[in-house]
Amino acid sequence: MNYNYDVAIITAVDVEEASVKRLYDDWKKIKLPDDSQAYFEASFVRDGVKRKVIAARQREMGMTAASHLASKLIDIFRPRYLIMTGIAAGIGADQIYGDVIVPDIIWNYASGKFVSAENADITFGDIGFVPRPIALELDGEILNIIKDLQHSADNEFHVHIGPMACGNSVVANRDVVNKQIHSLFPKTAGLDMESYSVFYAAENSSQPKPKAIVIKSICDYADAQKSDQYQKFAAYTSSNFAKFLYENYLPFD
């Protein structure tokens, strides 16, 4: 079985989808029989070859919706690369709004067991949490490409490479970050609600499997000052770095 599309872009919320749609002027809406999901197709030319892009947005935030839509994009369109763009919380060092995070490891920080406080090292008042973190890794070839781009003169974006923590809840409390995330993976750079499911769907799909990449930009710091102020800017840097990456550097042959 061959790949039918070169790139599939998946987003979770409106501001992320709007930024992706500004990447091209030739988006065409695709509606499939008995499928209420809206898909959008565009194209670009690289080395004289026309390449196809398919994009879609989740109906709601979170890992369940991400897994479902990622699986549909894979099964229906067979992309070579499955890229999630969008916004995330920055929880690493030396980060500012709009910085791009490309995770080399994505792990589910919410996987574990709630117990009494005396039976756990991680506690929130009377509640204890025993973690059972599970992780997935970025393809090694793609990771090396991102590392080369970090300090390339051609790259206009500030890119962080590091673990991404993923869970189904919005976090606006640094106690969760410090106790439940950094205590397990101290170098975790970002926090979101979908990325693990995108990697999982790609890794567990039928052949030909796409290579999954998550590219998210910092819009807040998962603390009490969390707001929507920088979401548009973060969505812009995320989607445009993704375009820069696949239009110029990701191998298609």
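Colleague: How many aromatic pairs does the count come to?

Modeller: This is a predicted model, so to speak of local features we need pLDDT of at least 70, side-chain atom pairs count only at pLDDT 80 or more, and totals for chains, interfaces and linings use all residues. Residues are numbered from 1 along each chain as its sequence is written, and side-chain values use heavy atoms, with hydrogens and water left out. Rings of Phe, Tyr and Trp (its six-membered ring) pair if their centres lie within 6.5 Å; planes under 30 degrees apart are stacked, over 60 edge-to-face, the rest tilted. By that rule, the number of aromatic pairs is 16.

Colleague: Why is the pair Tyr97 and Tyr221 classed as it is?

Modeller: The ring centres are 4.9 Å apart. The planes of Tyr97 and Tyr221 sit at 45°, so the pair is tilted.

Colleague: Which ring does the charged end of Lys21 sit over?

Modeller: A charge counts as over a ring if NZ of Lys or CZ of Arg is within 6 Å of the ring centre and within 35 degrees of the ring normal. For Lys243, that ring belongs to Tyr24, with its centre 4.8 Å away. For Lys21, the distance to the centre is 3.7 Å, and the ring is that of Phe40.
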